[in-house]
Amino acid sequence: MLFRFTLCLTCVKRQRLTNELRGDVLMDENMQEYFKDILLKRLEELIDEAEKTVAGMTDTEETFPDPTDRATLESDRNFMLRIRDRERKLIVKIREALERIEDGNFGVCELCGDDIGIDRLKARPVTTHCIECKRREEASEKARGT
Ligand SMILES: [Zn+2]
């Protein structure tokens, strides 16, 4: 159980406390593993899609000959530049979410530091804002007419 002590204890304690008060499902190691799994699968799908897009654009069979090249391919700047904007943005978001899992910050709202909530994360694992902050943001966007 060494893993438990490698997480930031203050974050974990704070998160547990607010979760317990609200009666939510706890964001523990199992939950983090669960989201990591989802995110990695989604990342793989996106890279598959992106490969097809790039292969279609260049119209060559040999663009990505070996699936084991995937690791280098993922960090290939040219590759990232050639894929569609929507996919690129999502890949970046998923990578950031994976980094947050490693840092122990996953599931914590960027704006208010509150828990995002397991249900919201299940619907949108890459989100960095809790539902309250998201609502506030959308309301002010509407007010600005964007
Ligand atoms: Zn928030």
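These are my notebook entries on a predicted model of one protein chain.

**Entry 1: confidence**

I looked up the confidence before anything else. The protein chain has a mean pLDDT of 80. A pLDDT of 70 or more is reached by 67% of its residues. I then checked residues 1-5, where the pLDDT is below 50. This stretch has 2 contacts in the model beyond near neighbours in sequence.

**Entry 2: overall make-up**

How many helices and strands does the protein chain have? I found 8 helices and 0 strands. Read from the N terminus, the order is α-α-α-α-α-α-α-α. I looked up burial next: 12% of the 146 residues are buried.

**Entry 3: the largest nonpolar core**

Which residues make up the largest nonpolar core? I listed 9 residues: Phe 35, Leu 39, Ile 94, Ala 97, Phe 106, Val 108, Ile 116, Leu 121 and Cys 130. Helix 3 (29-58) and helix 6 (85-103) are the elements that each give two or more residues to this core. In soluble globular proteins, nonpolar side chains tend to be buried together.

**Entry 4: Ile 116**

I picked Ile 116 from the core list. I placed Ile 116 in the loop between helix 6 and helix 7 (118-123). Is Ile 116 buried or exposed? Ile 116 is buried, because 24 other C-beta atoms lie within 10 Å, and the cut-off is 20 or more. I set aside residues up to four places away in sequence and looked up what Ile 116 touches. The list is Gly 107, Val 108, Cys 109, Leu 121, Thr 127 and Cys 130. Of these, Val 108, Leu 121 and Cys 130 are also in the core.

I checked the length of helix 6. Its 19 residues reach 27 Å from the first C-alpha to the last. That is close to the 27 Å expected at 1.5 Å a residue. After helix 6 comes Gly 104, with a positive phi near 80°.

I then looked at Ile 101, which sits in helix 6. Ile 101 is partly exposed, because it has 19 other C-beta atoms within 10 Å, and a buried residue needs 20 or more. Which residues does Ile 101 contact, leaving aside neighbours within four places in sequence? I found Gln 32, Phe 35, Lys 36 and Phe 106. Phe 35 and Phe 106 are also members of the core. Ile 101 and Lys 36 are 65 residues apart along the chain, yet their C-alpha atoms are separated by 7.2 Å.

**Entry 5: Glu 29**

I turned to Glu 29 in helix 3. With 13 other C-beta atoms within 10 Å, Glu 29 is partly exposed. I looked up a distance from Glu 29 to Gly 104. The two are 75 residues apart in sequence and 9.5 Å apart in space, C-alpha to C-alpha. Gly 104 is the residue I noted after helix 6.

How many of the residues of helix 8 are buried? The count is 0, and helix 8 is hardly covered. Just after helix 8, Gly 145 takes a positive phi of about 75°.

Glu 132 belongs to helix 8. Glu 132 is partly exposed, with 14 other C-beta atoms within 10 Å. Cys 112 is 20 residues away in sequence and 9.3 Å away in space. Ile 116 is 16 residues away along the chain, and the C-alpha separation is 9.0 Å.

Definitions and conventions: Residues numbered from 1 in each chain as written. Core = buried A, V, L, I, M, F, W, Y, C linked by C-beta atoms within 7 Å. Helix = DSSP H or I, 4+ residues; strand = E, 2+ residues; numbered from the N terminus. Contact = placed C-beta atoms within 7 Å. pLDDT = per-residue confidence, 0-100. Expected span 1.5 Å × (residues − 1).
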